[in-house]
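User: I would like to go through the side-chain packing in this model. Could we start with the rings?

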Amino acid sequence: MLAEGGSFLKGMVMGGLFCLLLSLLGSFSPGTDHRTEDHHHHHIKAPSKDELGNLADSQMQMLTSQVRVSCIIMVQPKNLLYWATAVDTWSKHCDKAVFYTSESSKALEAVDLAEKDDWARLRKALNHAYERAGDLRWFFIAQPTTFVIIENLKYLLLTKDPSEPFYLGKAMKSGELEYVTYDSGIVLSYEALRRLVKVFSDEDKCPETGRALWKVSEDKQLAVCLKYTGVFAENGEDANGKGLFNIRNVESLITESMKSNPTNVVEGCCSDMAVTFNGMSPNQMQVMMYGVYRLRPYGHDFHDIIKFDPPKGSDND
């Protein structure tokens, strides 16, 4: 009788643990990333030409001078060629670009964080950027395989207030967690970064080493910590609702559009105001620099309402 009772209790305990595990898996399953209509994030849109047309010249000049971006670029010596290409291409358009590495390299300049763990290294980089922010109020986190058109990012942020907690890029969902995927690049306002740095000191809400049953990627760790501060993932879009942050390269997106939109390939591919493309090879980045910044049809003027001047002292294209 006692043996039967013991087996019954063991069964109840094991059943309870199994139910708990299923609950955890259902609420946070890193292997099932997908976009869904059942989401809570906002859709942050770039201003339309009509909106900008209503602004006075003095307002326009003030806005363009205030939108300055600090780029936080995470690198490793094993990706030296990608690192060197990012130095030579798009990062020159950042108002401040700092490369953070897992270990020192004599070849290129970077902040050596002496940290192998991806999440711990990102935390250190964000702390470092926050402490040295100066008057910069927008922060962009990128990988060396990401190509970024900084002027388009500034255009997206033009009418946004960095004293509000913005956390945006390409918003995705894993279980119940909404997050901005690292592959798209991650944008943080000064207020979002301030709250994040503050919660870093709370091990219960934002542990330096995760407590999950599996290793959680740093972009999801970031979203969890921000969620505790009341900051949620937001999707960056143009005025027509088309995504601005791409997790794939241009070639891949065009190839897909040729199959699904053969009569209008460009329109089916990407936004004219795209901010990022990911998975770029060094050669593809150099080609992008040529196409975005150097190739010009003679005699053609785009008549843009605003102009973002390059950073002072920059040798950018």
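**Aromatic packing and a threonine**

Analyst: F200 is buried, with a relative accessible area of 5%; buried means under 20% relative accessible area with a 1.4 Å probe, protein chains only. The model is predicted, so local features need pLDDT of at least 70 and side-chain atom pairs pLDDT 80 or more, while totals for chains, interfaces and linings use all residues. Residues are numbered from 1 along each chain as its sequence is written, and side-chain values use heavy atoms, without hydrogens and water.

User: How many aromatic pairs are there in the whole structure?

Analyst: The search finds four, where rings of Phe, Tyr and Trp (its six-membered ring) pair if their centres lie within 6.5 Å; planes under 30 degrees apart are stacked, over 60 edge-to-face and the rest tilted. The rings of W119 and F200 are edge-to-face because their planes stand at 80 degrees, with centres 6.1 Å apart.

User: Where do W119 and F200 lie in the chain?

Analyst: W119 is in helix 5 (residues 118–131) and F200 in the loop between helix 7 (190–199) and helix 8 (218–227), 81 residues apart. Helices are DSSP runs of H or I, at least four residues, and strands are runs of E, at least two, numbered from the N terminus.

User: Is W119 buried or exposed?

Analyst: W119 is buried, at 3% relative accessible area.

User: Changing topic, what does the side chain of T229 reach?

Analyst: The T229 side chain reaches the backbone oxygen of L226 at 2.7 Å. T229 itself lies in the loop between helix 8 and strand 12 (234–237).

Methods:
Buried means under 20% relative accessible area, exposed over 50%, partly exposed in between (1.4 Å probe, protein chains only). A polar contact is a pair of N or O atoms within 3.5 Å; within protein, one must be able to donate a hydrogen and the other to accept it, and residues adjacent in sequence count only if both atoms are side-chain atoms.
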